[in-house]
Amino acid sequence: MALTLDPFFNPRSVAVVGASADPKKLGHAVVYNIVTHGFPGDVYPINPKAEEIMGRRCYPSVLAVPGEVDLAVIVVPSQAVLAVVEECGQKGVGGIIVITAGFREVGPQGLAMERDLLATVRRYGMRMIGPNCLGIIDTFVPLQASFALGMPKQGGIAFMSQSGALCTSILDMALADGIGFSRFVSLGNKADLNEIDFLQAWGDDPNSRVITAYLEGIADGARFIEVARQVSKRKPVIAVKSGTTQAGSRAVSSHTGTLAGSERAYEAAFLQAGVLRATSVQDLFDMAVAFARQPLPATDAVAVVTNAGGPGIMATDALERAGLRLATLTAETQAKLREGLPPAASVLNPVDVLGDAMADRYALAINAVADDPNVGAILVILTPQIMTQIQETAAAVTAVAKRSGKPILTAFMGKQTIAAGERILVEHGLPNYPVPERAVNALAAMVRQKRWQERPVPKIERFEVDREAVAEVLRRVRADGRLTIGDAEARTIQAAYGIPFPKSVLAKTPDQAAAAAEEIGFPVVLKIASPDILHKTDIGGVKLNLQTADQVRDAFDLMVYRAQRYQPTAEIWGCLVQQQVRGGKEVLLGMNRDPQFGPLLVFGLGGIYVEALKDVTFRVAPIDREQAREMLSEIRSYSLLKGVRGEPPSDLDAIVDVMLRLSQLVTDFPEIVELDINPLMVFERGKGALGIDMRLVLK
Ligand code: COA
């Protein structure tokens with residue numbers, strides 16, 4: 001169903017309930033903003049005592065308004081909100097913005113009030129922003145229905161924020177820096193409309209070229225990924241998610257009462273949803289201003305034009321760190337540069353036009369690199385010397401930007417002297433950064449966005465598996481009142497989903513064990529088999545390297561004897577005879593079900609260093625083959641798997657295969673909340689992998 005937010009972003013009339021003639025009150029500020037910032041429709045202040053506010057006639061209630069009311073902004077005290085909303089429903093209001101605070105965020109009583117509020121909103125088929133929010137702005141309507149100060153310029157950035165107060169600081173900054181917005185929404189407590197709704201709606205808004213968000217929690221992780229994945233294919237979506245570190249998470253719960261998902265889950269989910277993650281508000285707007293006015297780069301090859309060597313080197317370092325490339329300029333470009341620039345200039349990339357460059361040298365160099373087919377994006381760096389023509393250079397940059405079709409970002413470095421040039425740049429939609437590193441960050445985001453848009457939609461494979469066999473194991477385990485699964489039951493699950501494991505036979509007697517060992521081939525491993533003994537090694541319940549049938553028989557007797565002595569009540573099934581696996585590399589595969597985003601797959605280097613090195617990477621299941629391959633290459637020890645110093649490469653395809661089967665297993669069975677295959681022993685290419693030990697935990 002298409003979500004229409006027309007009452008908010010295309011209203012014909014707005015009522016302000018709780019409007020006040022007193023300029024110190026919030027109810028006055030909202031009317032003031034709506035009226036002074038030029039809302040073209042009807043404005044109805046609602047106040048039982050006043051005759052008129054800001055020259056607009058007042059009505060005692062929305063029900064008394066003669067015409068239709070599309071949008072109502074509510075600023076009455078919290079106890080009065082419910083009755084007002086009821087009247088809005090009766091009046092046929094389409095959307096309401098509840099600015100009033102004192103709901104969910106103040107405790108159980110507030111939460112109960114918020115529930116009643118939502119029930120009323122739903123009953124009348126209205127939509128609601130808030131409660132506990134700052135309001136909204138749409139620069140195109142124009143509508144300034146908030147109690148923030150001022151009205152930003154029109155621009156391509158749509159912004160939503162879970163913190164109302166942050167909105168006002170951002171607006172203030174935007175006013176100073178000339179950053180333009182299309183829409184601005186303070187989400188408040190998100191009782192009805194939340195970030196997913198705005199994401200979806202703004203995906204279709206032609207005025208919003210980039211969607212940005214400050215989020216503290218996400219309402220529905222799975223839906224967020226689904227919606228964001230579609231929208232981010234059409235336009236960039238950038239988010240700052242706070243409260244992801246542990247200390248931060250506690251702050252979030254006490255702030256708006258949202259339960260924050262874990263940092264790793266957010267990272268994986270944002271990545272898979274194509275959401276660009278900003279580390280700070282500054283980072284967010286560094287990216288957003290670039291997206292708002294500049295085209296996406298066709299490639300990751302960047303040309304740098306600078307009048308200063310040092311910043312050129314810093315830019316180069318930053319490009320490399322960000323995974324971008326310095327473009328290799330064509331011979332033709334180099335010739336053009338050599339001809340037009342002084343002999344001391346560098347005609348290789350970074351192009352150094354030298355410290356005494358005036359605007360004409362910049363113009364020549366920027367035109368030359370812009371015409372170079374090897375160049376995907378351009379970074380222009382300027383430091384202000386006494387002869388530097390800052391405004392003329394800015395004009396030269398804007399002239400190239402207009403015709404080139406390639407993104408141009410600038411780092412006019414300084415503050416006082418460069419300000420006049422910066423104004424020209426910003427006016428023409430060229431984002432200027434105080435240091436090259438920040439420009440490079442923005443460029444890197446643009447390249448990521450370009451790749452994301454070109455990336456095919458994930459194709460989730462389905463393997464032929466024995467789903468019923470797993471269901472049967474899970475039923476049995478539940479019936480026994482157990483929650484953990486290991487050993488033979490885990491191997492049944494591995495077998496059902498085609499996850500290979502070493503040959504193993506459960507032997508009830510020493511002779512059976514010896515026969516099994518002959519069958520499997522020496523050496524073998526013997527393990528005590530008991531549902532009651534969790535830590536086998538602690539009681540000598542694992543013996544490696546058994547070379548003969550006699551050794552197997554002796555080990556069997558000793559193991560069972562010891563087990564009975566240390567844990568007399570334990571039920572003992574016998575011993576497991578297992579193929580002794582050698583010569584592979586140990587990796588870890590697993591899953592942890594995240595409360596927000598669902599099954600979070602983990603892959604990393606396994607064995608005893610797992611905890612110490614934490615060399616792991618995550619994705620939300622289900623994943624496709626390409627995502628599985630990406631996981632492999634993301635860990636730091638990937639080179640070990642590829643083989644170092646003449647070592648043969650490991651069987652990467654076998655790991656990918658197990659990952660995909662695991663992804664299917666945890667998608668098929670939501671009741672599995674944790675799963676570990678540690679280690680998965682991986683052999684040389686072509687020789688496969690074996691899941692030595694698998695453990696599962698059920699809900
Ligand atoms: N219908 C119409 N008007 C009503 C009304 C009703 N049912 N009930 C009260 N009013 C009028 C009042 O008479 C008053 O007008 P007046 O100035 O002419 O007397 C006006 O509405 C406001 O009521 P008042 O009692 O003066 O409240 P207030 O302005 O002190 O506080 C809020 C109201 C909404 C500002 C306050 O409750 C609040 O929530 N503040 C925090 C807001 C916030 O921080 N939000 C989150 C931002 S991120």
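Q: Which side-chain atom of S20 lies 2.6 Å from an oxygen atom of the ligand, a polar or a nonpolar one?
A: In this predicted model, a polar side-chain atom of S20 lies 2.6 Å from an oxygen atom of the ligand, where a polar contact is a pair of N or O atoms within 3.5 Å.

Q: What about K49 and A101?
A: An N or O atom in the side chain of K49 is 2.8 Å from an oxygen atom of the ligand, and a polar backbone atom of A101 is 2.8 Å from an oxygen atom of the ligand.

Q: And how much of the ligand does the protein bury?
A: The ligand taken alone exposes 970 Å², of which the protein buries 68%, with accessible areas coming from the Shrake-Rupley method with a 1.4 Å probe.

Q: Okay, what does the shell around the ligand divide into?
A: The shell has 14 nonpolar, six polar and two charged residues, with Ala, Val, Leu, Ile, Met, Phe, Trp, Tyr, Cys and Pro counted as nonpolar, Asp, Glu, Lys and Arg as charged, and the others, Gly among them, as polar.

Q: Switching topic, at what angle do helix 10 and helix 16 cross?
A: The axes of helix 10 (residues 281–293) and helix 16 (residues 436–454) cross at roughly 60° and come within 9 Å, the axes being lines fitted to C-alpha atoms over the stretch in contact, with angles running from 0 to 180 degrees between N-to-C directions.

Q: Which residues make that contact?
A: Among them are D286 and M287 of helix 10 and A442 and M446 of helix 16, contact meaning heavy atoms within 4.5 Å.

Q: Anything to know about the numbering and the model?
A: Residues are numbered from 1 along each chain as its sequence is written, and side-chain values use heavy atoms, with hydrogens and water left out. Because the model is predicted, local features need pLDDT of at least 70 and side-chain atom pairs count only at pLDDT 80 or more, while totals for chains, interfaces and linings use all residues.

Conventions
Polar contact = N/O pair within 3.5 Å; in protein donor to acceptor, adjacent residues only side chain to side chain. Helix = DSSP H or I, 4+ residues; strand = E, 2+ residues; numbered from the N terminus.
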